[in-house]
Structures are given as structure tokens and as C-alpha cells.
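Please view the sequence and the structure before reading on.

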Protein chains: 2
Amino acid sequence: DFALKPTVPANPACSTDPGRPCRHPLTNEAENQRLLAHELTVKGRFDGIVPVLKRIAGQQHEADFVERAQAIARADLGFELPAGILGDAWIANLDMRALYGECVMRTVRLMAEEARTANPQQNVDEVVAFFLDSGYHAVDISPCSDGRLKGLVRYVLRLPDGAVRSRKAYAGAMFDVDANVKRWIETELMRYREGRPVAADAGTRYLKVVVYHWSSSDPTHEGCAAHGSNVTDAAEAGLARLREFRQAIENSFCCGASVDTLLIGVDTDTDAIKVHVPDADGEMSLYRAVYNLELYRATVNDDASSARLKVYQAIQAASAVTGWGAGKGEPHEGMRRLIATLLINNLSQIEYVCGNWGGRYPDIGHNERFISVGDGFEEFQVRNLAYFAHLHTVEEGASDLDVGIRIFSKLNVLHGLPVPVAIHFRYDSRVPGCRERTMERCRRVRAAIEIRYAELSRSGLLVCGMTVQDKRPGSPLEAVEANGASVLRSER
Amino acid sequence: DFALKPTVPANPACSTDPGRPCRHPLTNEAENQRLLAHELTVKGRFDGIVPVLKRIAGQQHEADFVERAQAIARADLGFELPAGILGDAWIANLDMRALYGECVMRTVRLMAEEARTANPQQNVDEVVAFFLDSGYHAVDISPCSDGRLKGLVRYVLRLPDGAVRSRKAYAGAMFDVDANVKRWIETELMRYREGRPVAADAGTRYLKVVVYHWSSSDPTHEGCAAHGSNVTDAAEAGLARLREFRQAIENSFCCGASVDTLLIGVDTDTDAIKVHVPDADGEMSLYRAVYNLELYRATVNDDASSARLKVYQAIQAASAVTGWGAGKGEPHEGMRRLIATLLINNLSQIEYVCGNWGGRYPDIGHNERFISVGDGFEEFQVRNLAYFAHLHTVEEGASDLDVGIRIFSKLNVLHGLPVPVAIHFRYDSRVPGCRERTMERCRRVRAAIEIRYAELSRSGLLVCGMTVQDKRPGSPLEAVEANGASVLRSER
Ligand SMILES: [Zn+2]
Ligand SMILES: [Zn+2]
Ligand SMILES: [Zn+2]
Ligand SMILES: [Zn+2]
């Protein structure tokens with residue numbers, strides 16, 4: 001079911017010369033190989049769960065079943081299975097749903113742990129310095145919750161995790177303006193009190209980026225679910241939300257307070273971005289943008305310096321557009337450099353998709369492995385790995401969560417597999433009691449999820465795992481115990 | 001049922017000379033009269049609802065019932081009743097529960113409107129200047145949600161509403177440390193960016209006050225429900241929370257960031273306060289305090305200047321206490337002046353209770369008229385008027401709300417009357433879309449309440465009203481429509 005539609009050309013980026021392997025002068029091939037290895041490892045781990053469980057299920061009536069099962073799990077999954085579930089198999093059949101859910105949760109924790117200990121030191125300082133150089137002391141990105149954007153920062157934009165102030169995802173990229181104003185306030189205070197990352201009088205700005213998405217192969221079905229797969233709606237809504245945020249800052253704070261904003265679209269089939277170029281006033285238009293897939297095609301046969309020049313010319317050309325998309329001049333130099341860098345970074349990702357997947361992902365639709373709820377895992381930045389609903393309470397985040405459950409009803413429930421929900425919140429170890437309150441929040445959100453999706457939960461088709469993690473970079477994941485049985489499971 | 005227990009002395013403050021009317025040299029008699037008029041008006045309006053509805057009910061089978069009912073309501077309640085409920089009376093009986101709930105909600109709005117337009121300009125600037133003079137650029141008070149503390153700021157402490165940065169109430173005064181850190185950050189940024197209310201280098205501090213309570217007449221039953229009516233538990237928990245907050249600020253922010261903290265107890269029978277005097281390090285003890293009822297008794301026969309001297313001496317004596325309550329020296333001069341002012345202010349309130357209620361309220365227990373949910377009404381600062389649960393979502397605030405519902409099960413449901421819940425949130429008109437999102441929050445919270453207390457709601461024993469209000473001082477209340485029928489009521 002991953003077959004491409006026959007009408008879709010196979011390799012949109014380099015279709016000008018289909019025989020030759022793509023090799024753009026500005027791409028980072030070594031990084032592409034590292035990222036591929038990472039993606040294959042992470043997805044391989046998750047995709048290995050079902051085959052392993054099938055093998056184990058086949059042996060459930062052997063005398064030494066528990067030992068056999070644990071030996072297989074240790075060897076092929078990297079962890080042991082819950083003894084309780086295995087031990088109960090002789091009574092009824094093996095509870096495959098519970099086992100599957102447990103395996104997904106343990107794989108999440110295992111992968112996070114490996115990422116934490118094995119990740120090479122990323123060039124965070126370098127990128128932060130580049131942002132500052134471009135006039136930005138903070139870059140805050142809100143993508144859509146859609147799992148196909150889960151690799152946005154690390155893959156699509158090629159930025160180190162640590163360099164981005166925040167990347168909370170919301171269905172349809174409809175970020176919470178009020179919460180964002182609070183985050184802006186925190187960032188500002190840091191500049192004033194502690195001069196971090198630069199002093200308040202350095203003339204730098206806060207940059208808010210919204211990322212919407214569409215599917216070039218199947219635009220009316222595989223686009224953004226929150227906007228009915230209508231890319232114009234998605235982009236317009238993102239633009240409106242950015243304007244609201246900027247206005248909120250300008251209206252609420254005196255002394256010329258403002259923020260810069262940037263709207264970016266991603267074609268989730270090719271990972272090519274479209275950057276909406278702000279004008280001299282910071283205003284954007286749906287009709288004034290640089291589409292990076294075209295830029296890739298136009299520069300793939302150039303040498304590095306003329307390719308780089310064409311990137312800047314493309315930004316210039318966008319600024320000079322007339323008619324619908326006409327704006328008031330070019331953005332400031334820092335913004336131009338930032339856009340150029342994002343475009344160049346993304347050329348590597350276009351080539352990554354070209355070289356590894358023939359220019360278009362085999363899974364153009366949803367293919368997430370779990371739902372990530374809460375603050376999300378920094379350790380996972382892999383496309384289609386997780387549907388990510390950033391929320392603090394189910395009461396406020398219910399609609400984002402509903403979209404995720406709807407996706408997994410098709411992906412999992414239809415095949416008898418439970419929806420794995422990984423609830424994860426970060427805490428601040430410097431604040432007394434914060435860890436305990438955060439664990440309490442995990443349990444409260446879990447209970448609310450089990451009540452909202454009571455029918456799934458009762459039939460074992462919803463499995464929640466809970467973890468917390470200190471906010472300091474590099475902190476380990478800590479599993480949260482459920483405090484007794486789950487709210488509804490006990491009624492089974 | 002308001003009769004005092006026979007063992008309780010009638011007038012604890014001035015029992016030394018029961019024949020003479022109380023007249024303390026430091027009290028503000030004119031203000032006492034103004035406050036009494038306000039309390040009687042507000043409570044009278046609410047207490048008038050049931051008699052009026054009884055009269056109206058007696059006429060429901062008259063031919064011109066609707067006109068008669070509206071005439072009575074206009075004359076005695078100040079507003080018209082919902083035509084729908086009256087018009088349906090000929091079919092079944094008059095829906096008294098719905099009518100009662102509606103009357104409470106309209107009275108809330110009417111009273112708020114009157115308070116807004118009629119309130120004389122309070123001495124906010126004067127008090128803010130006094131706080132600054134004492135070294136505080138912000139005073140933030142968290143009392144218990146208990147309705148008997150609803151008059152805390154205006155009556156018990158005699159402070160103008162506008163002078164206090166925040167007074168969000170939580171069951172047991174167990175305020176949200178994380179949310180309070182965010183509020184501190186906002187306050188700090190204002191100082192740094194705008195020099196409001198003073199510049200950041202002025203050397204002033206943020207003062208966090210926690211107010212617990214007890215009942216001197218019936219300490220084991222009418223104390224703080226959230227702490228099992230155990231005053232030591234209540235005070236200790238408040239102290240612990242204050243320490244957590246201070247530590248959170250000190251640990252999370254560098255450059256000597258800190259806050260001052262103050263623990264105050266209120267005897268809800270007499271409104272006399274007990275102030276726990278910090279030592280030179282800002283530390284407090286349950287066993288180092290000034291109890292203002294004793295101070296009242298000790299100074300009621302003095303002249304003004306010797307009474308004032310005794311107030312300062314009482315603070316000094318507390319600081320000098322040895323044994324369990326021993327601390328490390330006296331607090332800084334600003335704190336001493338602040339405590340003295342609060343004690344002197346509270347002398348007026350002790351006399352208010354003495355003069356008007358014989359030294360002890362007739363309703364020493366719960367006697368709230370409605371539950372206030374959300375941000376609370378600034379307009380209402382009257383003892384026992386409302387149980388106030390500050391919350392943003394029912395998911396997080398459920399336990400505070402449960403306490404309120406339990407109180408009203410006895411006050412109202414037992415007598416067949418519904419629990420009136422006034423949901424009220426403030427919005428920031430400078431932030432685009434904030435008003436609409438806040439109205440949406442009202443509806444979301446209402447739906448969550450109706451689901452949590454489904455049985456009450458279904459039988460008409462829970463009536464919710466919703467209002468929003470701009471954050472700017474003096475803004476009107478705006479009623480929020482329910483967007484169709486309530487979630488569960490339609491199932492009836
Ligand atoms: Zn989307
Ligand atoms: Zn290619
Ligand atoms: Zn209480
Ligand atoms: Zn008296």
C-alpha cells in the first residue's frame with residue numbers, strides 16, 4: 001500500500017536528468033548519510049516489534065514459553081517483556097494488545113536513551129551565533145502536529161535541536177498566541193536580567209516561524225487534515241496567526257516591542273520548503289515565496305558559488321514580484337541571510353529524499369508509530385515517527401488529540417492494534433516540587449485521555465505510557481508509574 | 001441555625017468591657033460604615049431572591065402571571081426574569097431551579113455593574129506608593145478559596161483592590177508555584193522594560209503572601225476544609241509552599257533574584273489576623289507571630305499614639321521570642337512597617353465585627369451564595385458571598401471545585417436549590433482574538449463542569465452562568481451565550 005500513484009512522476013526534483021544520481025554542489029552528503037542511518041535505525045526498531053511479537057505468539061503454548069519469549073525479545077528488541085503479561089498467557093491467550101503497547105513504550109524509552117548517550121555534539125553554538133548574527137536572539141518554530149513534520153528541524157531545516165527556542169506543534173500549526181506571549185516575556189527577561197543570549201540593547205529580535213504543509217502528489221487528500229487538505233487555507237491561517245502574535249506583542253508592550261515572523265510551507269512528499277519572503281515592513285504574502293524544489297532543479301548542475309548566488313537572486317526576485325504578491329521592498333539583511341541558509345540547508349534534504357527514496361517518500365500519507373502527547377521528545381526528529389500534540393490538559397488540547405486518534409484508528413485500530421500514546425512532560429529541577437507536580441500532570445492527562453476515549457481504552461485499544469524529563473539538556477527520561485491500575489482498564 | 005454555641009463568649013475582642021461600645025483609637029469608623037452598607041446591600045440582593053421567587057410561585061396559575069411576575073421581579077430584584085421560563089409555566093409547573101439559578105447569575109452581573117459604576121475612586125496610588133516605600137513593587141496574595149475569606153483584601157486587610165498584583169484563591173491556599181513563577185517573570189519584565197512601577201535597579205522586591213484560616217469558635221469543624229480543619233496543618237502547608245516559591249525563584253534566576261514572603265492567618269469568626277513575623281533572613285515560624293485580637297484588647301483603651309507604639313512593640317516582641325519560634329533577628333524596616341500597617345488596618349475590621357455582629361459573625365460556617373470559577377470577580381469582596389476556585393481548566397482545578405460542590409450540596413442541594421456557578425474569565429483586549437478565545441474557555445469550562453457533575457446538572461441542580469471582562473480596570477462584564485443548550489441539560 002506504499003505504491004505511488006502511476007500519474008505521479010517519480011523524482012520531481014531531478015527529473016531533468018533521471019539517469020544520473022543527484023549531486024547538488026551545496027548539499028552535505030556526510031550529514032545525509034548520518035541522518036539516513038538514524039532514520040533507518042529508529043524506524044527499524046519500531047517496525048521490528050510486530051514480527052517479533054508474531055514469533056513470540058507462535059510459541060505461547062510451549063512449556064518454557066516465558067524464557068523463550070524473553071530470549072527473543074532481548075535479542076531482537078533490546079529489552080525484556082513485562083513478566084506479568086507473559087506469565088498470564090497460560091490462562092487465556094497472550095494479551096497481544098497490551099504487549100504491543102508495552103513494546104512501543106519501551107522502544108520509545110530505549111531510542112531516547114540511545115539518542116541521548118550516542119548523539120554527537122551538535123553545532124548548537126555555531127548556529128546560535130549565526131542566528132544572532134542575522135539579528136535573532138531566539139527562533140521559535142510552530143509546525144503542524146502532523147507526524148510527517150516530525151523531522152522538520154533536524155532533517156527538513158537542518159538545524160540542531162538546541163538552537164531552536166521552542167518547537168511546540170499544534171494541529172494545523174495553530175499555535176497558542178497567549179502562551180507564546182508568555183514565552184516571549186520569559187525570553188525578554190533573560191536578555192534584560194542576564195544578558196542571555198545577548199543584552200537587551202543589542203538590537204536583536206525574536207523570530208516566530210509557522211510551518212504549514214501540503215502533499216504535492218495527492219494535494220486534496222494527503223495535505224493538512226486540520227485545514228481539510230486545502231493548502232491555501234493552511235497557509236492563510238498560519239499567516240493570520242503570525243499577524244495576531246506580532247500585534248499582541250506590539251499592543252501589549254510599549255517602547256517599540258515587536259517580533260519578526262516567517263511563514264514556511266513544506267511539501268511532505270519531497271520535504272522541499274517554500275519560504276514566504278517578508279517585505280521591508282515584515283509583512284508576508286501567500287503569493288511572494290521561494291519554492292526550493294525549483295531552486296534545486298535550477299542549481300543542481302551549477303558549481304557551488306553560482307548556486308549560492310542563485311539562491312540570493314531567487315530571494316531578490318521574490319521581493320521584486322508584482323501583482324498579488326507585491327510587497328514593500330526587501331527584508332533586512334539578516335532575514336535575507338537566514339532565508340538563504342534555510343533554503344541551502346533544505347537542498348540537502350531534497351537530495352536526501354531524491355537519493356534514498358527516489359525523490360518522493362514511499363509513505364506520502366500518515367504512517368506514524370505512536371502519538372506523542374505533552375511536551376514531546378527532543379530525541380525524536382524523524383518523519384512520520386509520531387503524531388505530536390502539544391498540550392497541558394486534554395480539556396484544552398482535545399481537538400488536536402482527536403485528530404491523532406482519528407489517524408490511528410486507520411493506522412492501528414483497524415488492524416486490531418492499540419493506539420500507543422506516549423505522554424511526556426518536562427520539569428524544572430530547580431523548582432521545588434516541580435518533578436512531582438509534573439508526574440501528577442502525566443497521570444491527570446492519562447486519566448483524561450482514558451475517559452475521553454473510553455471505548456478504545458476499555459477494549460485494550462489504547463495504551464498509554466508516561467515519562468518525565470528534566471529540562472536541562474541531556475537529561476534522562478524517567479518512567480512514571482500509573483499509581484495503581486488505569487482508570488478504566490480495571491473495569492474490563 | 002445561626003445561633004452561637006453557648007460555650008463561646010459573645011464578643012472576644014472587647015470582652016474586657018462588654019457594656020461599652022467598641023471604639024479603638026486607630027480604627028476608621030467612616031470606612032466601617034461604608035463597608036457595612038456595601039455588605040448589607042450585596043447580601044440583601046442575594047438573600048432577596050428566594051422570598052421573591054416564593055411570591056411569584058404563588059401566582060403562577062393566575063391569568064396574567066407573566067406580567068405579574070415581571071412586575072414583582074423588576075421592583076424587588078431590579079431585573080426581568082427570563083420570558084421563556086415564565087412562559088412555560090402553564091404547561092408544567094414553574095421551573096424554580098432554573099429560575100433561581102438565573103436570578104443568582106443576573107444578580108451577580110447587576111451587582112458587578114453597580115460596583116463598577118458607583119465605587120468611589122479608591123486610594124490605589126497612595127497604597128502602591130506605601131508598598132514601594134516599604135520596598136515592594138508588587139504584592140501578590142493567595143488566600144484559601146473558602147468564601148469566608150472572600151472579603152480578605154478589602155475588609156480584613158483594608159487594601160484597595162487595585163493595589164494588589166494578584167489574589168488568586170486556591171483550596172487550602174495551596175497556590176500554583178509554577179504559575180506564580182510566570183507571574184513573577186511578567187512583573188520583572190515590566191520593571192526592566194518600562195520601569196513600572198519602579199526601575200529594576202530600585203532595590204525593591206516582590207512580596208508573596210499566603211493567607212490560611214481557622215475558626216476560633218469551632219476549630220475542629222469550621223476551619224479550613226482543605227486541611228481537615230487543622231490549623232497547624234494549614235499554616236505549615238502555607239509556609240512550605242512559600243518556601244518552595246522563594247526557592248524556585250532563587251534557583252531559576254541568577255544575580256541574587258529572590259522574593260519576600262509573608263504568612264498570615266485569619267480567624268474567620270472574628271476576622272482578626274495573625275501575622276507571622278519573618279526574621280532578618282526572611283524565614284518565618286508558626287510560633288513567631290502577632291495575634292491581632294490580643295493587640296486590639298491591649299490597645300482599645302489607649303490613645304492613638306500609644307496604641308501605635310504598642311503595635312510596633314508587639315512586632316518587636318515577636319521577633320525577640322525564644323524557644324520554638326526563635327528567629328535570626330528582626331525583618332527589614334519596610335517589612336516591619338508593612339506588618340504594622342496590616343495590623344492597624346485589621347483593627348478596624350475587628351471593630352467592624354464587634355460593632356455590627358457582636359464580635360463574632362452569626363454565620364461562622366459556610367454560607368456562600370454562589371461558586372465563582374475562573375479569574376473571579378474583582379467587584380465582589382464580601383465575606384461568605386462566594387466560594388472562589390481559581391482555575392483555567394476543570395482538569396487541573398477539579399479538586400478545588402469538588403470542595404465547592406461539597407459545600408453547596410449542604411447549602412443548596414439539600415434544600416432543593418441548584419448550585420449557582422459563575423464562570424468568569426478576564427481577557428486582554430490588546431491581544432487579537434483573546435476575547436473570543438476567552439469566551440471559548442468559558443464554554444469549555446462549563447461543558448467540563450457539566451460533565452464532571454453530570455447528575456446534578458441533569459436534574460437541574462447545577463446552573464452555570466458565564467461572563468468575560470477586559471483586563472483593563474473598570475471594564476464592564478459581558479455575558480457569554482451558551483452556544484445552544486448545555487451539554488447535558490438537553491438530555492433531560
Ligand atoms: Zn497539518
Ligand atoms: Zn534526485
Ligand atoms: Zn480553607
Ligand atoms: Zn467590641
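How much space lies in the largest cavity?

## Basis of the report

This is a predicted model, in which local features need pLDDT of at least 70, side-chain atom pairs count only at pLDDT 80 or more, and totals for chains, interfaces and linings use all residues; side-chain values use heavy atoms, with hydrogens and water left out. Residues are numbered from 1 along each chain as its sequence is written, and chains are lettered from A and ligands numbered from 1 in the order in which they are written.

## Cavities

The largest cavity holds about 120 Å³ of space. A cavity is a set of points on a 1 Å grid over the protein atoms alone where a 1.4 Å probe fits but cannot get out. Its lining, with an atom within 4 Å of a point, includes Cys144(B), Asp146(B), Arg167(B) and Phe388(B).

## Sheet

In chain B, an open sheet of five strands (E runs in DSSP of at least two residues; pairing needs at least two bridges) has the order 7-6-8-9-10 with mixed pairing. Strand 7 (386-390) and strand 10 (477-479) of chain B each have a single partner strand, so one side of each lacks a neighbour in the sheet.

Strand 6 (residues 370-374) and strand 8 (residues 419-427) of chain B run parallel, joined by four bridges. Val373(B) has Ile423(B) as its bridge partner in strand 8 of chain B.

Note on methods:
On a 1 Å grid over the protein atoms alone, a cavity is a set of points where a 1.4 Å probe fits but cannot get out, and a pocket is an open set with protein on both sides within 12 Å along at least five of seven lines; lining residues have an atom within 4 Å of a point. Grid points are joined across faces, edges and corners, and a volume is the space filled by probe spheres set on the points.
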